[in-house]
Structure formats: C-alpha cells, structure tokens
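Take a look at the structure below. This short report walks through a few of its residues.

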Amino acid sequence: MNDLNVPSRLLSAQGLDLDEPLQIATQVQSWKTQANTRVRFVESHGLPMVDLVLRFRAGSVQDGPQSGLAALTLYNLDKGSAGLSADEHALRLERLGAVVDKRVRLDYAQLSLRSLSSPDLLVPAMALFTDLAARPDFPAL
C-alpha cells in the first residue's frame with residue numbers, strides 16, 4: 001500500500017521536461033458570425049459538459065475617468081435579470097448544476113457558463129445565462 005496516495009504506476013518524473021509544452025490533440029474551429037463576433041469552438045466527447053465564455057472589450061482600460069466602471073457593471077449583472085431577483089436567478093442555476101463566473105481584466109471583461117451537456121439541463125441554463133448577459137435588470141441602488 002502506498003502511504004503517499006500516489007498511483008502505483010507512477011514511478012518517476014525523471015526525464016520530464018517542464019519547459020517543453022505538451023502537445024494537445026484537439027482541433028480548434030474558428031469563425032466569425034454575421035455580427036463580426038469571433039467564435040472559437042473545441043469539441044470533446046470525453047466530458048459531458050459545456051463551457052461557454054463571452055469575452056467583451058470592456059476591461060478596466062475602457063473605464064476612462066470613472067475608475068471601476070467595468071468591474072461595477074460586470075459584478076452587478078447577476079443582481080437580477082428578466083424579472084428574476086438575484087436570489088431566484090442563483091437558485092435556478094444551482095438547481096441545474098450550472099456555474100456562472102465573471103472576471104474583469106485590463107483589456108476585457110469575461111462572463112462564462114459551465115453546465116452539463118444534457119439538453120434538459122443545458123437549455124434552461126443557457127436561457128438564464130442569456131438573460132443575465134443580454135437583459136440584466138440593474139436595480140437602482
């Protein structure tokens with residue numbers, strides 16, 4: 001029995017070059033929509049999940065004289081959408097096992113969804129995500 005919980009087939013890392021990137025045998029498909037939006041698509045049947053990432057040119061470099069505007073906008077997206085409160089929106093995503101993540105960087109803002117690919121979970125998760133991205137309520141403060 002192995003005290004370190006290391007699989008017994010792993011004998012040594014000798015000869016492993018950490019500076020040499022591993023080759024990934026994945027094809028990335030790219031195209032632009034009619035609205036000139038760039039799309040990158042990677043298909044893998046190994047895991048039954050979908051990751052969707054929306055990246056906007058809305059990073060903090062776009063704030064101008066109003067420092068923090070991009071972050072404030074992004075982090076208020078989930079305060080409600082399409083008539084749902086923030087709590088209702090979060091509860092529905094949780095029941096579907098979906099996860100929404102938001103990030104602001106210097107050059108861009110990013111909104112992402114991770115969901116199981118089963119249509120009975122993915123379709124309602126995508127609807128909630130679309131409402132969050134396209135129809136946020138932005139309640140008055």
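## Strands, rings and a surface patch

Val39 is part of strand 2, which covers residues 38–42. The model is a predicted one. Is Val39 buried, exposed or partly exposed? Val39 is partly exposed, because its relative accessible area is 22% and buried means under 20%. Leaving aside residues up to four places away in sequence, Val39 touches Gln29, Ser30, Trp31 and Thr33. Val53 sits 14 residues from Val39 along the chain, and their C-alpha atoms are 9.8 Å apart.

Next, the rings. How many aromatic pairs does the structure hold? It holds 1 aromatic pair. The partners are Trp31 and Phe41, with ring centres 6.4 Å apart. Their planes meet at 50°, so the pair counts as tilted. Trp31 belongs to strand 1 (residues 28–32) and Phe41 to strand 2, so the pair ties together parts 10 residues apart in sequence.

The charged end of Arg55 sits over the ring of Tyr108, 4.1 Å from the ring's centre.

Now the surface. Leu47, Met49 and Leu116 make a nonpolar surface patch of about 260 Å². Of these residues, Leu116 lies in strand 7, residues 109–116.

The table gives accessibility for residues named above.

| Residue | Relative accessible area | Class |
|---|---|---|
| Val39 | 22% | partly exposed |
| Trp31 | 42% | partly exposed |
| Phe41 | 35% | partly exposed |
| Leu116 | 37% | partly exposed |

Conventions. Residues are numbered from 1 along each chain as its sequence is written. This is a predicted model: local features need pLDDT of at least 70, side-chain atom pairs count only at pLDDT 80 or more; totals for chains, interfaces and linings use all residues. Side-chain values use heavy atoms; hydrogens and water are left out. Helices (H or I, at least four residues) and strands (E, at least two) are DSSP runs, numbered from the N terminus. Buried means under 20% relative accessible area, exposed over 50%, partly exposed in between (1.4 Å probe, protein chains only). Contact means heavy atoms within 4.5 Å. Patches are made of residues with over 30% relative accessible area and no salt bridge: like charges are joined within 9 Å, nonpolar side chains (Val, Leu, Ile, Met, Phe, Trp, Tyr) within 5 Å. Accessible areas come from the Shrake-Rupley method with a 1.4 Å probe; for residues, only the protein chains shown count as cover. A salt bridge is a side-chain nitrogen of Lys or Arg within 4 Å of a carboxyl oxygen of Asp or Glu. Rings of Phe, Tyr and Trp (its six-membered ring) pair if their centres lie within 6.5 Å; planes under 30 degrees apart count as stacked, over 60 as edge-to-face and the rest as tilted. A charge sits over a ring if NZ of Lys or CZ of Arg is within 6 Å of the ring centre and within 35 degrees of the ring normal.
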